[in-house]
Amino acid sequence: MGTVILLALTGLGLAALYFLVASGLSLVFGLADVLNFAHGLFLGVGAYGTWWAAGNLPGAGPDGFGFVFAVAFGVAAGTLVAILVELVLIRPLYSRTIEQVLVTVGLSLAGVALLQATWGADARPFPRPDWTRQVTGILGAQVPNGGLLLIIAAVLVLGAILAFLRWTRYGLVIRAGVENREMVTALGIDVRKAFTLVFAIGGAAAALAGALGGVYFGTVSPGQGGSLLIFAFIVVVIGGMGSVVGSAYAAVVVGLVQQFVNYYGTSGLGDICVVGLLAVVLLLRPQGIAGKVATA
Amino acid sequence: MEPILSVEDLSVRISGLHILQGVSFTVAPTGVTVLLGRNGVGKTTTLRAIVGLTPPAGEVRGTIRMGAQSLLARPTHRLVRGGLGYVPEDRCVFAGLTVAENLRLAERRGATPAYDKVFALFPELDRRGRQRAGSLSGGQQQMLAIGRVLLNDNRLLLVDEPTKGLAPKVVTEVAEVLERVAESVPVLLVEQNLAVVRRLARDAVVLAAGKVAWTGDAHELLLETALTKSLLGVGSAEVKH
């Protein structure tokens, strides 16, 4: 029983990480029709920004409020990079899908190379509060606190995004834009501002995933964003392009399947099962769990 | 009277196809001007070119002016904020949003939305505020699409096939509303239902194969059975109903 609880909660921790990356990816694709392969870069910037701030920024550190400050710095850096990417590189290329893919793939490769050139290719130990290295006993299972932190953060982010979509003017514009972007402009709304906003939201969530992923894994490395991005794309497709709630459901399914199959089967079999699940969803329900709706 | 809209030598090419070829016409500053023609002659393309919604792969040439202001090359949201209201073909309401949210989306900063006017024309929209727009009937969706535009002051309304696919009773209701709307704002209307055209339109522009084939008084056009048959492909029976 303890093993099942442990696997379920660590699976949910992994799901939380996937959701943080996938939520922004899904909104960006749903609203702006941009397949952003550079999304992993925002995660990398968040992780390295937190790592750098904890060691160098006055007031920041690996513990207590200093760690919160370091994470805030990492998230701010990831958000800023996301906004700049949208304004400088993506905005001139809306409706030019192939060019978008080329630019974002190129940017993700260049971003990893830049991180490697600056801080080296090897994984570095991530500064994290002592309590995140400890475990909490839940129903007989000793669950790592780092995973629980990810779950709490993902639930809070999900709630914040849904509240934003439901209760704010820009949230309304985004929900409408996911349905019919052209009609939003035909009502006199400059939808490009909403594009920048969803990039900022997605960048912030991915950067937070980078920072908390560093806590979860205990290390930070340049390629971390890219490997997580693959599963985040799978989550987005299974959940339905544009649906934050769909991404949350899909992330839970993917995280649990991976964790349980990897444990009870062979290591790596869980990843294959997830790809198989993706194939089944594409065949039976190509629009994903929720379809193309920015759920609020 | 100076026209509210003048279109000169408008050509639109999309994916290599010349949809419009040198179209020129004007819209009077009052009443309804109707844009007629058989399916596929470029009526919707004309409206979309005016409001700046030609696809990015398309090419638009010519001149479009609303009053003294040139419209071409200006982004759609600016044209709409400048007083160009657009009710698209097939309504295009946001199905996942409620009726109230659809209306709220059309509100503009710094302007007071005319909910009183909209709810006076369409009391049902007030009653169904919490209902998802996707669950409305076709007629109710059309009322929402028109109501959304009427929340703001407009200098000109572009309305694309508002009675398409609606039951006869609802067609009459929509025509009544457009008649009342046209008392205060000029309308450029694309419409296939000639009974509605007869009721609403003062001027007519007929397109054929991407070019203007006829312009003039709408009622004169409808009286010319041979002309309507050749330009619109309909007989006198359909004109009279």
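**View 1. The largest nonpolar core and helix α1 of chain A.** The largest nonpolar core in this predicted model has 177 residues, and those with the most contacts inside it are Y18(A) and V21(A); a nonpolar core here is a set of buried Ala, Val, Leu, Ile, Met, Phe, Trp, Tyr and Cys residues joined through C-beta atoms within 7 Å. Its largest share, 18 residues, comes from helix α1 (residues 2–32) of chain A, where helices (H or I, at least four residues) and strands (E, at least two) are DSSP runs numbered from the N terminus. Setting aside residues up to four places away in sequence, V21(A) touches H39(A), L43(A), A206(A), A209(A), L228(A), L229(A) and A232(A), two residues being in contact if their C-beta atoms, placed from the backbone, lie within 7 Å. This is a predicted model, in which local features need pLDDT of at least 70 and side-chain atom pairs count only at pLDDT 80 or more, while totals for chains, interfaces and linings use all residues. Residues are numbered from 1 along each chain as its sequence is written, and chains are lettered from A and ligands numbered from 1 in the order in which they are written.

**View 2. Segments of chain A annotated as transmembrane.** According to the unreviewed UniProt entry, the annotation "transmembrane region" covers residues 6–27, 34–54, 66–89, 101–121, 146–165, 194–217, 229–256 and 263–284 of chain A; the positions follow the numbering used here, feature names are shortened, and annotations may be inferred rather than shown by experiment. Over residues 101–121 the chain is 90% helix and 0% strand, with the end C-alpha atoms 25 Å apart. Over residues 263–284 of chain A the corresponding values are 82% helix and 0% strand, with 28 Å between the end C-alpha atoms.

View 3. The 16 residues of helix α10 (residues 269–284) of chain A should span 22 Å at 1.5 Å a residue, which agrees with the 22 Å between its end C-alpha atoms; the expected span is 1.5 Å times one less than the number of residues. The buried residues of α10(A) are G270(A), V274(A) and V281(A), a residue being buried if 20 or more other C-beta atoms lie within 10 Å of its own, exposed if 12 or fewer, and partly exposed in between, with C-beta atoms placed from the backbone. Seen down the axis of α10(A), these buried residues fall within an arc of 50°, so they line one face of the helix; the arc is that of the directions from the helix axis to the C-beta atoms. They pack against α8 (224–239) and α9 (244–264) of chain A, whereas the face turned away from the buried side carries the exposed residues V275(A), G276(A), A279(A), V280(A) and L283(A).

**View 4. The loop at G218(A).** G218(A) lies in the loop between α7 (191–217) and β4 (219–220) of chain A, and is partly exposed, with 14 other C-beta atoms within 10 Å. Apart from neighbours within four places in sequence, G218(A) is in contact with P125(A) and F126(A). The C-alpha atoms of G218(A) and W119(A), which are 99 residues apart along the chain, are separated by 17 Å.

**View 5. Contacts between chains A and B.** Here 16 residues of chain A are in contact with 20 residues of chain B. The residues on the chain A side divide into eight nonpolar, four polar and four charged, where Ala, Val, Leu, Ile, Met, Phe, Trp, Tyr, Cys and Pro count as nonpolar, Asp, Glu, Lys and Arg as charged, and the others, Gly among them, as polar.

**View 6. Positive phi values in chain B.** Most residues other than glycine have a negative phi. S15(B), although not a glycine, has a positive phi of about 50°; S15(B) is found in the loop between β1 (5–14) and β2 (17–27) of chain B and is exposed, with 9 other C-beta atoms within 10 Å. A73(B), also a residue other than glycine, has a positive phi near 75°, is placed in the loop between β5 (69–70) and α2 (76–81) of chain B, and counts as exposed with 8 C-beta neighbours inside 10 Å.

**View 7. Strand β2 of chain B at S24(B).** S24(B) is found in strand β2 of chain B and counts as partly exposed, with 15 C-beta neighbours inside 10 Å. Leaving aside neighbours within four places in sequence, S24(B) is in contact with V7(B), E8(B), D9(B) and V212(B).
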